[in-house]
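Hello,

Here is the structure I promised to pass on. Please open it first, then read my notes below.

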Amino acid sequence: MQQFLAQASSNSSAASPPASPQPRLRPQPRREPQHREREAPAAMADDHQELARAFSGMGGLGVDETVLVSALGRWRRQPEKRGQFRRSFPGFFSASACVGAGIELCEDEYVRHLKIEFSRFKSAMVLWAMHPWERDARWAHHVLHKAHPPAILVEVACTRSADELLGARRAYQALYHRSLEEDVAYRAKEANANLLVGLVSAYRYEGPLVSEELAKEEAKALGAAVKSASASSAKLVHNEQVVRVLATRSKPQLRATFRLYKELHGKPLEEDFAAEPCLEEVVKCLDSPAKYFAEVINGAFKDGADKQAKAALTRAVVSRSDADMEEIKDAYAKQYGAKLADAAAKNTHGHYKDALLAMIGK
Amino acid sequence: MATLKVPTAVPPVADDCEQLRKAFQGWGTNEALIISILGHRDAAQRRAIRHAYAEAYGEELLRSITDEISGDFERAVILWTLEPAERDAVLANEAVRKWQPGSWVLVEIACARGSAQLLTVRQAYHDRFKRSLEEDVAAHLTGDFRKLLVPLVSAYRYEGPEVNTRLAHSEANILHEKIHHKAYSDDEIIRILTTRSKAQLLATFNHYNDAFGHPINKDLKVDPEDEFLKTLRAVIRCFTCPDRYFEKVIRLAIAGVGTDENSLTRVITTRAEVDLKLIKEAYQKRNSAPLERAVAGDTSGDYERMLLALLGQE
């Protein structure tokens, strides 16, 4: 995919470095001015570049609908201009103009890419309109039936309140005529099943009551589990104590346990759990959802972010905009030294961008 | 089929409160009055009485009860007066704290209540004990029992009638295979028993019987003394034949020398508004004697009178 984008941007204007905010997508640009096929001046090249960017050809999520429509208007009854655009964008249209019927055919992969990019706004709006319980139920279903990353299930189970998770389970039953835990137990047959079933079945106490003594005891138990797992190459996610503590204790109690773990063992628990991805996510989600979501959002903006990492942006913003978006903004600024709204504006286009910014808030 | 008898003309709540207050005051307690009122009011009425009593006299009704009466009678009246969800939460907490293999209270609460009801029990548990039910079960139980009972009490089973026949066949086979290899606490057995819907489980057990010629519980009887197997059988019976399950609990509580009052009280107070009538019929069928007679024979005094009232006498 990256190569298409790189080609698109390198074949466009050689004259000026584009105003694109994502120069990172281009490797060393193949600036070969003598190969410019267009007789158009630099302005035309800028036009092409702007259009390519609007078509999500230079990175960033979503498409710039306004620019696309204005190009329609500008180039009305000028099919040759479109032809020039096609030739300037080899990532979207096949590079050689002589292949297949003598016209520039669409690259299948790019059409698929566009389908996703155009639908980001749609997804955001549909998800936004949905009841949160239905959203969570559908996301959970995707994990189980469309092989979406299990981390999403962890997210739903651990960052929602006890009643929200219960609501998601109700919605799941209404939608799919099975219980959520039934499907998780049946489909997540690998190592994580016990942990995941425990997490989605939890109805955690939500009061502030915390027992420091218990936290200390369980921090020690977790430490022992980590030690024995590293000694014997057994998986931590199979460890009964680990599952019991993470899947049943209240969140305030767990945060105390995590704090004491760090004091006792010198490093945060998620570090010791890092070898087992699900566990690391569980700890992060339970300890500080805001920090977790800031990381997820940033992951969507990174170079080389894959399809799921990018989809996570919509999920994170839509699901948290009514919940702890302010804390996420703080965590983001602390972690990445930039305002979340700015980063989002820089990395997204069009209506999708506007939707995200509206949900992120000032 | 409830056995609770509520009078057709129920006195106003204020009258009930006044009568109860009178029953507590002065020398001694008018136990018969307590039984005649509380023993003949349904859950909504009892809730109204508790509320009005606290407002009128500045004291919880349950507090007055514990102050004035004692023993098995007190326990029966307290458990009866509580809301069903609170009652189950209290019973569950007691069972967890005093847990030993062979205690089936948690199994009953998890399997002989509807999904929504189990949720209300978990909520009531939060309110009363400031912990979650699954947290306490996980912390107090160990080994296979923990492995079975934590997911059992955490389940929110689908309640629809849909059955996937293919799945019923395949899961019956899985159960049979694991049982055959004596892997009684295998992950798959736990998964099936603790997550599948009731309708799906019934279909699975039926298919087990069809395919292997005998009910699944027969295969789980290999060691009659093994408490874990007994617990598994209890789970299955609570799903397939709750009235006969409870009949057996009562029968064992009454039989022989001495009486297990706690179990007797538990079954009667938790089922009087649910299916105690069916349990009575099962008792009659199994023991050729009416349950009331057996209870009267094995208990005495106000405790006996309270149980009989809940069994529908008068």
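Salt bridges come first: the structure holds 46 of them over all chains. Bear in mind that this is a predicted model. Side chains of opposite charge can pair when their charged atoms come close.

Start with B:R47 and B:E83. They form a salt bridge, and their closest N and O atoms are 2.2 Å apart. B:R47 sits in helix α3 of chain B, residues 43–57. B:E83 sits in the loop between α5 (71–81) and α6 (84–97) of that chain. The pair therefore ties together parts that are 36 residues apart in sequence. B:R47 is partly exposed, at 45% relative accessible area.

Next, go to B:E135 and B:R131. This salt bridge has its closest N and O atoms 3.7 Å apart. How accessible are the two partners? B:E135 is buried, with a relative accessible area of 2%. B:R131 is partly exposed, at 29%.

Is B:R271 buried or exposed? B:R271 is buried, with a relative accessible area of 4%. B:D275 is buried too, at 8%.

Some salt bridges share partners. In this way A:R178, A:E182, A:D183, B:E171, B:E188, B:R191 and B:R196 are joined into one network. Its members come from chain A and chain B.

Now a residue in chain A: A:V67. Find it in helix α3 of chain A, residues 65–74. A:V67 counts as buried, because its relative accessibility is 15% and buried means under 20%. What does A:V67 touch, leaving aside its neighbours within four places in sequence? A:V67 is in contact with A:E50 and A:A54. Look at A:L51 as well. A:L51 and A:V67 are 16 residues apart in sequence, yet their C-alpha atoms are 6.9 Å apart in space.

Last, confidence. Chain A averages a pLDDT of 86. In that chain, 86% of the residues score at least 70. One stretch needs care: over residues 6–39 of chain A, pLDDT stays under 50. The model has 55 contacts beyond four places in sequence for that stretch. Where pLDDT is low, the predicted coordinates should not be read in detail.

Best wishes

Technical notes. Residues are numbered from 1 along each chain as its sequence is written. Chains are lettered from A and ligands numbered from 1 in the order in which they are written. This is a predicted model: local features need pLDDT of at least 70, side-chain atom pairs count only at pLDDT 80 or more; totals for chains, interfaces and linings use all residues. Side-chain values use heavy atoms; hydrogens and water are left out. pLDDT is the predictor's confidence in each residue, from 0 to 100. Contact means heavy atoms within 4.5 Å. A salt bridge is a side-chain nitrogen of Lys or Arg within 4 Å of a carboxyl oxygen of Asp or Glu. Helices (H or I, at least four residues) and strands (E, at least two) are DSSP runs, numbered from the N terminus. Buried means under 20% relative accessible area, exposed over 50%, partly exposed in between (1.4 Å probe, protein chains only).
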